[in-house]
Amino acid sequence: MPGTAPGMSGQSLRWRLLRAVFATAFLVWGLIAILSYGQARHEAEELMDGHLAQSARLLLALIRDNESHLADLATRLALARSSEDRPYESPLEFQIGRADGSLLLRSEYAPASSLAAAPGYENIAHHGHPWRVLTIAAPSDDYRVQVAQSIDLRDRAALEVASKTVLPIALISPLLLLLIYFSVRRGLKPLDDLAADVAARSPENLKPLARRTAPREVQPLLAALNRLLARLADALDKERRFTADAAHELRTPLAVVKVQAQVAQLSRNPDDRQHALQQIVCGADRAARVLEQLLRLARLDPLAELPSAGKVDLGELARRLLVETAVTADAGSVHLQASATPLLVRGDGELLEIVLRNLLDNALRYTPPGTQVTLFVQRRNGDILLGVADDGPGVAPEELSRLAERFYRGRDAHAEGSGLGLAIVQRIAELHAACLEVENLSGGGFEARLRWVGSAGVP
Amino acid sequence: MRILLVEDDVMLGDGIRAGLKLADYAVDWVHDGEAARLALLDHAYQACVLDLGLPKRDGLSVLKELRQRGNPLPILILTARDSSADKIAGLDAGADDYLTKPFDLLELQARLRALIRRAGGTSTPILEHAGVMLDPASKRVTRDGQPVPLSAREYALLHDLLSHKQHIRSRSQLEESLYAWGEETGSNTVEVYIHQLRKKLGADFIRTVRGLGYRLDDTR
């Protein structure tokens, strides 16, 4: 593939395919060569054996006719043999004798094989070369004829026949390989196209890849890729929104600080200046609070589990927080409703304190002055609950589900706040395997709580 | 000069209002889109400073509706949304200017001056009539080259009259231009300021059109 740079891990699919096809092709050619050689050899062998048998019978016939002139026959045979010098007519050596093994006549180079051996074919070594020997006996069993021929020639012939079969294939093999190469390339082109499509994309383009033109085999991969792209786009979108919201939440207090600073500079009225300076301080506080919440969320976000978990007594936690709150908040309006027995959960005390603080902060911030706020820790139906309730105006029902969204603030909320408080609570709840529940109370008011479902607490 | 400020953030709205008051604008401040829509229906403003992310009704929707009614009020969008796409959307929806938070108060004032000036059909920043010159940027008024010290209300009244040189301005129009909500005072205050302006700029500088209101004298 074009995208497969050298040194890139993972094998090229094309080369794997090509290697496999090439290897198969070579294997098949090799087999063809071996088989055709074997076949040719077999044919040549039969041919040769036939030839030997024919020659032997011929000799036998000659002997019968020339019994009295055997010496003469030898000379004529020698003459006939030496006159021929053709590649496929290897010299036929022979021995002629009687059944008792006595030799009557032999050609010059005939192997010295015993004539007394049982009639039939035999492979022997003669002058370091393999020979094929045929011994036959006359029907009356008075004469024996042995003919012998070198096998080298036979093998050479077989090889030649085999090579004539294989050679054309070998000669067109480059063409074949080329064809295979292009076929594989063509076959894999949809993959290349896909790779090119992905490579040509800008990083912002997370639209699904077109699946219509892709081959069926790639469809599952494409589907998985598209699912991943969708998830990525979603995450990126969230990230972008988060950044925009964070920027907005930071810009607003900064804008407050700047505009009030300029008002303080330009104003000649001491009261106005004092007010503006006061607002600058508030604006800076607000920016600091937003930053703190953002950082808290950023630290909580990557956590897969609580960094330091221990036993936390929720009642104790709530009591401590109430004492602290009494100093800063309108003490009369916050009450505690905690069970007398300690309610223990496994968790991080500091984080759970943040939960209570944020819930309490929301209850005080988004309700009219004089609202009764209750901090409660209790066991209800086997679940452990930790939360804050108020008797204020409640929250619009359609907004309930969005409350824990980052930067979401009620549509009519004029009170300043980062919109991160409940998001942080939600995250801490997740880390504690608890769920965050928010609801309008039937008797009026609003309640937000953490629920440890069916929790027996910590023994 | 009366301006509508639409800003849902309490602290920021407080700052902007204070900053605009320093430039002697009468500022009506509303906190949500719906209130903005109603205020724009009921009152005459010289300009509007509009936030986009608003409760109840988005700023862009307020703006679009205003333009659909054919209201040419100069609108400056003041928002934390700083992307080009947002700016384009805002300007295309009918805004005359776009400023992002955090902003410079002096720049906001200058941009408003420019918007109001152009809405009045003049290209020169200095307003002039019969030897009286008013510079909105420095808020200095001169008569025949001599500086004339004016109170904030006197200045605002003179600015209004100079901005509508060709028109008769009724007492209620002048009142509306001078005062923000909750500032309305006695029924004869406009007459008081007219009287003081005549003392400083010449008795016949402002003419009374009986039964209708006031206009700058154009016989000289």
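This is a predicted model: local features need pLDDT of at least 70, side-chain atom pairs count only at pLDDT 80 or more; totals for chains, interfaces and linings use all residues.
Chain A, which has 459 residues, has 38% of them counted as buried. Its secondary structure comprises 10 helices and 12 strands. Among the contacts in chain A that link residues at least 6 apart in sequence, 63% are made between residues at least 24 apart. The accessible surface of the chain amounts to about 26,200 Å², and carbon and sulfur atoms account for 59% of this area.

On this surface, a nonpolar patch is formed by A:Leu167, A:Leu171, A:Ile172, A:Leu175, A:Leu176 and A:Leu179, which together contribute about 600 Å² of accessible area. One of these residues, A:Leu175, is located in helix H3 of chain A, an element that spans residues 151–187. With a relative accessible area of 55%, A:Leu175 is classed as exposed, because the cut-off for that class is a value over 50%.

The cysteines were also examined for disulfides. A disulfide is a covalent bond that connects the sulfur atoms of two cysteines. When a pair of cysteine sulfur atoms is required to lie within 2.5 Å, the count over all chains is zero disulfides. As for the accessibility of individual cysteines, A:Cys282 has a relative accessibility of 28% and is therefore partly exposed, while A:Cys435, at a relative accessible area of 31%, is likewise assigned to the partly exposed class. Both assignments follow from the cut-offs, since partly exposed residues are those between the buried class, under 20%, and the exposed class, over 50%.

Key: Residues are numbered from 1 along each chain as its sequence is written. Chains are lettered from A and ligands numbered from 1 in the order in which they are written. Side-chain values use heavy atoms; hydrogens and water are left out. Buried means under 20% relative accessible area, exposed over 50%, partly exposed in between (1.4 Å probe, protein chains only). Patches are made of residues with over 30% relative accessible area and no salt bridge: like charges are joined within 9 Å, nonpolar side chains (Val, Leu, Ile, Met, Phe, Trp, Tyr) within 5 Å. Accessible areas come from the Shrake-Rupley method with a 1.4 Å probe; for residues, only the protein chains shown count as cover. A salt bridge is a side-chain nitrogen of Lys or Arg within 4 Å of a carboxyl oxygen of Asp or Glu. Helices (H or I, at least four residues) and strands (E, at least two) are DSSP runs, numbered from the N terminus. Contact means heavy atoms within 4.5 Å.
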